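Hi everyone, thanks for coming. Let's take a few minutes to look at one model together.

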Amino acid sequence: MSGSYDDSVGVEVSSDSFWEVGNYKRTVKRIDDGHRLCNDLMNCIHERARIEKVYAQQLTEWAKRWKQLVEKGPQYGTVERAWCAFMSEAEKVSELHLEVKGSLMNEDFEKIKNWQKEAFHKQMMGGFKETKEAEDGFRKAQKPWAKKLKEVEAAKKAYHAACKEEKLAISRETNSKADPALNPEQLKKLQDKVERSKQDVLKTKEKYEKSLKELDNATPQYMENMEQVFEQCQQFEEKRLRFFREVLLEVQKHLDLSNVASYKNIYRELEQNIKTADAVEDLRWFRANQGPGMSMNWPQFEDDEWSADLNRTLSRREKKKASDGVTLTGINQTGDQVSQPNKHSSLSVQSNTVQSVQSSYNPFEDEEDTGSTVSEKEDNKIKNVSSYEKNQSYPTDWSDEESNNPFSSTDANGDTNPFDEDTSPAMEVRVRALYDYEGQEQDELSFKAGDELTKMENEDEQGWCKGRLDNGQVGLYPANYVEPIQ
C-alpha cells in the first residue's frame, strides 16, 4: 500500500462530482477563462466603438449629400427648411455617436484592460500565478484523502477476489463429493482450499472495512480543506463578476442616448422644425415669386425706336453695350479743329414718363440731302449725341446686329465712324477671387473663392469686368468679387 501518490493512477472516476479526485480542475480552469473573458469583452466593446464611428461617418456623409440635393432641388419654403432639419439632426447625432465611440474606447476599454492587468499575473514559465496557486491548493487538500481512497479501492479489489475464489473452491468441493472416482486425499485438499478461501475472505473483508473507515474519518478534513481553497477561487471570481457588471452598466450608460439632454433636444428641435412647415405660406410665397403675383413690364406706347421704356430693367449685357455705345473718346477731327472728348451724361427720368431725345440731327438721314462737309457732320453728331441708352430698356425686337446701329463703324459712304474708340487694349492683370460666384447668364464667369483669373478690361460703370479663366473661358464678373494679386 506504500508508494508515491499519483491522483491519475489506479483511481477510476465514478461520477462527475466536484469531490471526485481531479474534478477540481474545472474550478481552476475558470480562472484562465476569466482572463479570456476580459479579452472577449474588450473585443466586443472595440467592435461596437468601430460601429459607432462608421455610423457617425455615414450620417455625416448622408447629411452633406442630401443637404446639397435638397438646397439645389425644386423644393422651396418652409417644407424645404423642415426637410433640411433632418440633415441637421443627422449631423448632431453623428457628433453624439462619436462621443459614444470615444467613451467606449477611452473609458470602458481601458478600464477592463487595466483591471485585467492587475488581477492576472503572468509567470515566466507560462500560465498565471492565480491559476497555479489554486491548482496547488486543491492538490494539497486532496492528496491525503486521495491516498486513502486508493487504499480503499485496493482493499475492495482484494476482498472481491477472495470472495470469488471462495465460491470456486466451494463449487469444486461439492462436485468432488458426487464423483466416486475421486480418492479421499484429493477430497481432503479441496476441503482445505475451501477453508483457506473463507479465511482470506475474512481477512480481506476486515482490511477493506478498516481502510474504508479510515477514508470516512479523513473525509471531513478533506472536505474542509477543499472548501477553503474553493472559497478562495470563489472570491477571485466574485471580483471579476462584480467588475463585469460594473463595466456593463457603464457601457449601457454610454450607449443609452435617450438619457442625454442634448439628444432629446435634437429631436425636440426637429419636431418643431417639421411642425413649422406651412403649406399655405409656401403656396403664398410661390405665387408671389414664381406665379401671378410677380410684377410684369407690360408693353407701352413708344414714340420711336429710341424711346426709353423706363418700366423695364436692362439686362447687364445691354447695360454694358449701351454704356459702351455712348462713351466718346479720342474722336478724330478734320482740318484744324480739335474737339475735347465728350463724357457721357445720364438721362434723368421720372417714374412712368418718357423724355424724348432732343436732337437736331437725324443719324438716319441720307448724307446726299445735305451740303455739309464731313467735318460739319461730325460736329453735328458730337453736339446731338447723348447717353440716353444708359438706362434704357430696349424693345423686345432689339437686335445686336450692327446693321441697325446708327453708330456703326462704317456710314453710308463707307467712311469710318468718328465715334469709334481709339483706345488701346487695357493691360491684363492677374486677380484672385475673394468670394464664390456662379454666373447667372451664359456670358458670365463662375469661380470659387481663391481661384485666380486674368482681368482683361477695367471695371465699367455698372461694376463689371471682363476676364479670362485659366481654362480659356472669357466672360464677365463682378469687379468687387476679386482683388489684384500682389
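Let's start with the sheet: five strands make an open sheet, ordered β4-β3-β2-β1-β5, with antiparallel pairing. Strands here are DSSP runs of E with at least two residues, helices are runs of H or I with at least four, and both are numbered from the N terminus. Two strands pair if DSSP finds at least two bridges between them. At the edges sit β4 (474-478) and β5 (482-484), each pairing on one side only.

A quick word on the source: this is a predicted model, where local features need pLDDT of at least 70 and side-chain atom pairs count only at pLDDT 80 or more, while totals for chains, interfaces and linings use all residues. Residues are numbered from 1 along each chain as its sequence is written, and side-chain values use heavy atoms, leaving out hydrogens and water.

Back to the strands: β2 (residues 452-457) and β3 (residues 464-469) run antiparallel and are joined by four bridges. In β3, K466 is the bridge partner of E457.

Now, the aromatics. The whole structure holds 19 aromatic pairs, counting Phe, Tyr and Trp rings (for Trp, the six-membered one) with centres within 6.5 Å; planes under 30 degrees apart are stacked, over 60 edge-to-face, and the rest tilted. F18 and W19 are edge-to-face, because their ring centres are 5.2 Å apart and their planes lie at 75°. F18 is buried at 18% relative accessibility, whereas W19 is partly exposed at 26%; buried means under 20% relative accessible area, exposed over 50%, and partly exposed in between, using a 1.4 Å probe and protein chains only. Ring pairs also link F18 and W19 with Y24, F138, W145, Y222 and F230 in a cluster.
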